[in-house]
Amino acid sequence: MGPMSIQTGIIESATTVPLAAALARWRREAEAGVCDTGRYRCRFFAWGHGQPLLFIHGMSDRARSFVPVAAHLTDQFRCIAFDLPTGYRDGARLGRIVHADLVENVFILLDHLKVGQTCLYGASFGGTVALGALHADPKRFLRAALQSSFARRKLAPAERAIAGLARYWPGRMRDLPLRRRHQQKVDAPAFAAAPPEIWAFQKANTASMPIKAFAHRAWLISRLDLRPLLPSIPHPILLLSGDRDSIIGQKCVEELAAGLPHADRLEFHDCGHYAQYTHAAGVAEALRRFLLPPCGLT
């Protein structure tokens, strides 16, 4: 199977579950818990029945960001999502945590939940954790989808310097100077066609992120290059991206497509970096078609 591009017309034909209804069902039906990984107390939820599907969120997000997508999948998937370490009330000592530790936490959580083989979904930075897990124990996973992700993302010298310093800053992302202006300029355009509550949901999820946790992940990215691992990952991989993603450029997606032996590409039209929010029904339908037998998008 070689890299391919697929248009989204029929993929997005499913009716989106309203956010309020999705959150109400999630609160009522999902199993919530905490797994002590030895590095931090990992909060997670498991929702639905069927094929296990583990979601890994991005840099400034949290597990519940996947509720809009999972709400479409609980009839056929056991959707599992967890919070990466933040150092806030989870016991994490971020300065001691490296990328390989984030990968190992995946297996600790799966063992805690008694999950054997599973599918994976990694969004943005979470995609790098997914790639590390796929390489570390290939037999543990069936297939994977990576959304707006990368194997390597270069940071400018100023970005690296700020990330190094900000690992020690107090406060939350909402406290950052010019944060609102950045959101309006970079993030908001991707949500222009989505219901207002979707944009509010994304802002609420990212606002509470400790600055030091965000900076720690940026610092990890500045030292990360997973390209040498890609040829040895044998799994079928679906690469999801948006044609208006201003955060992860097309070059990053193309590097993944070129390096992975069995990668398919799907690009959402009029979509930015946050497809799990703005194109939840389309993402869910793509996952259903790609992950369940008979596999393959048509």
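**Pockets, surface and backbone**

Author: In the second largest pocket, E3 gives the largest share of the lining, 5 residues. This is a predicted model, in which local features need pLDDT of at least 70 and side-chain atom pairs count only at pLDDT 80 or more, while totals for chains, interfaces and linings use all residues. Residues are numbered from 1 along each chain as its sequence is written, and side-chain values use heavy atoms, with hydrogens and water left out.

Reader: Which strands each supply at least two residues of that lining?

Author: They are strand E2 (31-36) and strand E3 (41-47), where strands (E, at least two residues) and helices (H or I, at least four) are DSSP runs numbered from the N terminus.

Reader: And what is the make-up of the lining of the second largest pocket?

Author: It divides into 11 nonpolar, 6 polar and 10 charged residues, with Ala, Val, Leu, Ile, Met, Phe, Trp, Tyr, Cys and Pro counted as nonpolar, Asp, Glu, Lys and Arg as charged, and the others, Gly among them, as polar.

Reader: How much space lies in the largest pocket?

Author: About 1000 Å³ lies there. A pocket here is an open set of points on a 1 Å grid over the protein atoms alone where a 1.4 Å probe fits, with protein on both sides within 12 Å along at least five of seven lines, and lining residues have an atom within 4 Å of a point.

Reader: Which residues lie nearest its centre?

Author: Of the 37 residues that line the largest pocket, Met59, Met173, Arg179, His182 and Phe214 lie nearest its centre. Helix H5 (157-166), helix H6 (179-187) and helix H8 (211-222) are the elements that give two or more residues to this lining, which divides into 23 nonpolar, 9 polar and 5 charged residues.

Reader: What about lysine 114, and where is it found?

Author: Lysine 114 is found in the loop between helix H3 (99-112) and strand E6 (118-123). This lysine 114 also has a positive phi, of about 60°, although it is not a glycine. Lysine 114 counts as exposed because its relative accessible area is 75%.

How values were computed:
Grid points are joined across faces, edges and corners, and a volume is the space filled by probe spheres set on the points. Buried means under 20% relative accessible area, exposed over 50%, partly exposed in between (1.4 Å probe, protein chains only).
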